[in-house]
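Here is a friendly tour of one chain, with an eye on how its side chains pack. Have the viewer open as you read.

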Amino acid sequence: MLVGFLLALPGGGNASDAGSEYLDDSLAGELVVEQHAMASSDDVSASEEGMMASQEGVMVASDKTPSEKEPIILPEHLGPVLLEPENTTETRLPSDSYPSILQDPQEAPWKPSIAPLLDVPVLLDVVPNESLLSVPKPASTDSPKKIVTPAKILAVDVHPKMPQIAILIDDLGYSRDGMESSLLLPTEVALAILPSTPFALQTALTSQKQSRITLLHAPMENQRELKLGPGGLYASMTEQELKSTLSKDLDSLPGIQGVNNHMGSLLTTKVHSMEWVMETLKDRSLFFIDSLTSAQSVAKKTAQEYGLKTVGRDVFLDNIRTEEAIDKQFSRLVKLAKRHGSALAIGHPYPETTAYLKKRLKNLEQDGVRLVRISELLIASPPSKPTMSETK
């Protein structure tokens, strides 16, 4: 209709050519649009067909049972494989329909391993433990004392002792001045008193009040036959005579703690006489000082055999009664003390001696020695001979 209408118009012939050309272009466009629309409709139909085919494929695939699918083989330690269904709205498949992970379908299904429970033994006769039932006592608040082990003392850690000196003043009892000057000396200085002398008792009592060590200065026979005075001991005496005389001498002086010999250059060399002396002293628990008036004296050795505390004299201070001579002897005393650790000096109550000692004993620090009581120098030895009272 459109073509005929166009041909009927004036100039339609010419227009026909032009219109034909136009028509050809418009028709070509329409044809292109129509073809494109048809192609689009074909694509849509094809996609719809594809979707239907895919849905049908899903339905077809879902119609297959799990047993028809190829089994999935996994190691046993990974456990069972859970397959999520594609359609979440559908009910999950039963656990029996899961694909088996066992290589051999005849084997039992896999189960997780569970540690076995150990059986606890049943105690039929249970005796209650009282210690467990009792209420524990609260712990002591006092912390336990630590045992401290002292370190070993090495030789380099020990400070050497200061050398010691002791002094004994003999022959007291005859002179008042000698007694008074001797009692003014330091109390470390010991006094030896002659028995039955005018000032013997007074000297002993005063010395006792001062807590000073006091000895019996026992007169003993000498080789020059010098007179001994009252209470002398002689080598010609029997055992009974000697012991009786010595006992009377000891009883006459209060506070006596020991004995030393006055002279005695003869008697101290007599073994039996010395044994009788030591037996008497041991019964009274007294010590003995050997004045060493003879190089052959056995007095100290015998005292050691009877277990008496004893020591021997090292220096006589005043054989020469001058300050210079006394000072020389005192220096010798200090030297011996430094060499042996201790030394004992014996002096007499001479004015020169007591005056020197009174001055010199105040400055002993400069000499590097220390004045001690005579008892600190005594040495006790184990007895090797028993006394008569012990044998009875």
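What follows looks at one helix, the ring contacts and the nonpolar cores of this predicted model.

Buried in H6 are Leu242, Lys243, Thr245, Leu246, Asp249 and Leu250. These residues cover an arc of only 165° around the axis, so they lie on the same side of H6. On the other side of H6, Gln240, Lys248 and Asp251 are exposed.

Next come the rings. The structure holds one aromatic pair, and a charged group also sits over a ring elsewhere. Both distances are given here:

| Partners | Distance |
|---|---|
| phenylalanine 330 and tyrosine 356 | ring centres 5.8 Å apart |

Because the planes of phenylalanine 330 and tyrosine 356 stand at 65°, the pair counts as edge-to-face. Phenylalanine 330 belongs to helix H9 (residues 323-340) and tyrosine 356 to helix H10 (residues 351-360), so the pair links parts of the chain 26 residues apart. Both phenylalanine 330 and tyrosine 356 are buried.

Phe330 turns up again in the largest nonpolar core, which has 53 residues. Along with Met278, Leu281, Phe288 and Leu357, Phe330 touches the most other members. H9 gives the most to this core, with six residues. Apart from this core lies another of 16 residues, among them Leu168, Ile289, Leu344 and Leu377.

Which residues does leucine 357 contact, leaving aside its neighbours within four places in sequence? They are Ile167, Ile169, Leu185, Leu317 and Phe330.

Key:
Residues are numbered from 1 along each chain as its sequence is written. This is a predicted model: local features need pLDDT of at least 70, side-chain atom pairs count only at pLDDT 80 or more; totals for chains, interfaces and linings use all residues. Side-chain values use heavy atoms; hydrogens and water are left out. Buried means under 20% relative accessible area, exposed over 50%, partly exposed in between (1.4 Å probe, protein chains only). Helices (H or I, at least four residues) and strands (E, at least two) are DSSP runs, numbered from the N terminus. The arc is that of the directions from the helix axis to the C-beta atoms. Rings of Phe, Tyr and Trp (its six-membered ring) pair if their centres lie within 6.5 Å; planes under 30 degrees apart count as stacked, over 60 as edge-to-face and the rest as tilted. A charge sits over a ring if NZ of Lys or CZ of Arg is within 6 Å of the ring centre and within 35 degrees of the ring normal. A nonpolar core is a set of buried Ala, Val, Leu, Ile, Met, Phe, Trp, Tyr and Cys residues joined through side-chain atoms within 4.5 Å. Contact means heavy atoms within 4.5 Å.
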